[in-house]
Amino acid sequence: MPLPASLVNTLELPVVGSPLFIVSGPELVIAQCKAGIVGSFPALNARPVAKLGEWLSRIENELGQYKALHPEEKVAPYAVNQICHASNDRLMKDMETCVKHQVPIIITSLRPPQEIVEAAHSYGGVVFHDVINVKHARKAAEQGVDGLILVCAGAGGHAGTLSPFALVREVKQWFKGTILLSGAISDGWSVAAALALGADLAYIGTRFIATAEANADQAYKSALIDHAAHDIVYSNLFTGVHGNYLGPSIVAAGLDPDNLPVADKAVTPNPGRGATSGARARVSAKSPMRRRFPNWSIA
């Protein structure tokens with residue numbers, strides 16, 4: 001099993017808690033890591049920008065204290081998700097903070113993140129990149145990522161449509177790094193199935209929204225428990241990228257989940273910053289990112 005050194009003998013279960021927009025914060029991440037699974041959160045959840053450093057310090061301090069008091073227990077490392085998109089005008093600053101804190105795992109989304117890989121590798125961190133097909137997987141692998149998160153059919157939020165039976169086996173033929181599998185995984189049976197398919201780690205998100213530590217409205221937590229697969233709606237209306245959403249929550253927002261319009265790809269909302277062009281960012285050697293961190297050295 002090609003696990004990074006930071007995950008060897010630190011996990012109670014082969015599980016990574018996926019970063020959940022708005023929902024994931026220090027409380028959930030700390031609880032997940034104490035339970036022996038990787039906890040993660042999107043950097044964009046820490047607002048304003050200065051809050052990110054505060055969150056990282058809190059997570060590190062509380063996990064450090066817990067390890068000292070419970071040396072016999074497995075405490076997993078944590079991860080931070082970076083949205084590598086032109087609309088995310090925080091990316092450089094947030095990554096600078098992650099380098100300073102030597103975040104063990106960086107999870108990247110959207111554009112293949114060569115400069116983020118260099119940053120993480122400069123201090124011994126690892127990068128996992130989420131993809132929905134082989135084309136994106138190959139692009140990410142070319143940038144030197146340590147692991148691929150295969151976001152298959154059934155995954156919450158932004159998700160692909162491919163079966164894990166197909167995508168895992170195809171990627172395993174040529175990729176030798178860590179494989180994480182996402183898509184309707186919520187219990188021990190599905191974790192075991194992910195491993196049987198050839199994944200190294202299961203990637204679970206929605207299951208943790210209904211926890212006490214999650215920053216979600218109680219009505220939404222209850223809805224996740226009360227509803228099932230037939231209530232899921234697949235749409236690109238909300239962010240410009242297709243994803244799975246809970247039908248009743250769409251109804252609560254005043255929309256008809258059975259008659260949602262298709263988003264205009266020319267102008268798509270994005271968590272990074274309002275509306276943006278649908279084109280993905282390309283970072284050259286002359287970009288601000290490169291100029292700011294030419295060697296990704298640690299201060």
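This is a predicted model: local features need pLDDT of at least 70, side-chain atom pairs count only at pLDDT 80 or more; totals for chains, interfaces and linings use all residues.
User: What makes S4 and S5 a pair of strands?

Analyst: Pairing asks for at least two bridges between the strands. Strand S4 (residues 105-110) is joined to S5 by 4 bridges, and the two run parallel, so they count as a pair by that cut-off.

User: Why is S5 called largely enclosed by the rest of the structure?

Analyst: A residue is buried when its relative accessible area is under 20%. In S5 (residues 126-131), 5 of the 6 residues are buried, so the strand is largely enclosed.

User: How do you know that S8 is mostly covered?

Analyst: Of the 5 residues in strand S8 (residues 178-182), 5 are buried. Thr178, Leu180 and Ser182 point one way, Ile179 and Leu181 point the other way, and all are buried.

User: Which strands pair with S8?

Analyst: Strand S6 (residues 147-151) pairs with S8 in the parallel sense over 5 bridges, with leucine 148 partnered by isoleucine 179. Strand S9 (residues 201-204) also pairs with S8 in the parallel sense, over 3 bridges; there, serine 182 stands opposite tyrosine 203.

User: Why are H2 and H3 called roughly parallel?

Analyst: Helix H2 (residues 51-69) and helix H3 (residues 91-101) pack at about 25°, with axes 10 Å apart. Angles under 35 degrees count as roughly parallel, and H2 and H3 are therefore described that way. The contact includes Leu52 and Leu56 of H2 and Thr97 and Cys98 of H3.

Key
Residues are numbered from 1 along each chain as its sequence is written. Side-chain values use heavy atoms; hydrogens and water are left out. Axes are lines fitted to C-alpha atoms, for helices over the stretch in contact, and angles run from 0 to 180 degrees between N-to-C directions. Angles under 35 degrees count as roughly parallel, over 145 as roughly antiparallel, 65 to 115 as roughly perpendicular and the rest as oblique. Contact means heavy atoms within 4.5 Å. Buried means under 20% relative accessible area, exposed over 50%, partly exposed in between (1.4 Å probe, protein chains only).
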